[in-house]
Amino acid sequence: MFILKGIEQLTNAIAKAKKVRPRVHFVRFGHYQVSGSKGYYTVICKKSDNGYKTVECTCKASERGLVCYHAASALSLHVGLARQRQTA
Ligand SMILES: [Zn+2]
């Protein structure tokens, strides 16, 4: 799990996601499944009560607090959806 503070954090993970091109499945808003080397990982994006945006992935890298490309892929979808919601 990591706290999303800015896009700079995601730069490397986005670069990797562009190479790997994982599939992202929408489960519900804030809940996604992203394909990885060992099947699908679950990514949860949420806003905590104190206003932090947190991203959780079930892969090993994320367990160690790293920003993985699954999270980056899910986030790019999530951010687009969140924007649509605001303008709807
Ligand atoms: Zn991951």
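A residue counts as buried when its relative accessible area is under 20%, and in this predicted model C68, with a relative accessible area of 5%, is therefore buried.

View 1. As for covalent links between cysteines, the structure holds 0 disulfides.

**View 2. Close-up of the salt bridge between E56 and K46.** In this pair the closest N and O atoms lie 3.9 Å apart, and the pair belongs to a total of 2 salt bridges counted in the model.

**View 3. Close-up of the salt bridge between E63 and K60 in helix α2.** Here the side chains meet with an N to O distance of 3.8 Å, and the two residues, which both belong to helix α2 (residues 60-63), are 3 residues apart, or about one turn of the helix. E63 is exposed, its relative accessibility being 57%, and K60 is exposed as well, with a relative accessible area of 61%.

**View 4. Close-up of the packing of helix α1 against helix α3.** Two packed helices are described by the angle between their axes and by the distance between the axes. For helix α1 (residues 11-20) and helix α3 (residues 69-87) the angle is about 85° and the axes are 8 Å apart. Angles of 65 to 115 degrees count as roughly perpendicular, and α1 is therefore roughly perpendicular to α3. On the side of α1, the contact is made by A13, I14, K16, A17 and V20, while α3 contributes Y69, A72 and S73. Sorted by residue class, the residues of this contact comprise 6 nonpolar, 1 polar and 1 charged.

Methods
Residues are numbered from 1 along each chain as its sequence is written. This is a predicted model: local features need pLDDT of at least 70, side-chain atom pairs count only at pLDDT 80 or more; totals for chains, interfaces and linings use all residues. Side-chain values use heavy atoms; hydrogens and water are left out. A salt bridge is a side-chain nitrogen of Lys or Arg within 4 Å of a carboxyl oxygen of Asp or Glu. Helices (H or I, at least four residues) and strands (E, at least two) are DSSP runs, numbered from the N terminus. Buried means under 20% relative accessible area, exposed over 50%, partly exposed in between (1.4 Å probe, protein chains only). Axes are lines fitted to C-alpha atoms, for helices over the stretch in contact, and angles run from 0 to 180 degrees between N-to-C directions. Angles under 35 degrees count as roughly parallel, over 145 as roughly antiparallel, 65 to 115 as roughly perpendicular and the rest as oblique. Contact means heavy atoms within 4.5 Å. Ala, Val, Leu, Ile, Met, Phe, Trp, Tyr, Cys and Pro count as nonpolar, Asp, Glu, Lys and Arg as charged, and the others, Gly among them, as polar. A disulfide is a pair of cysteine sulfur atoms within 2.5 Å.
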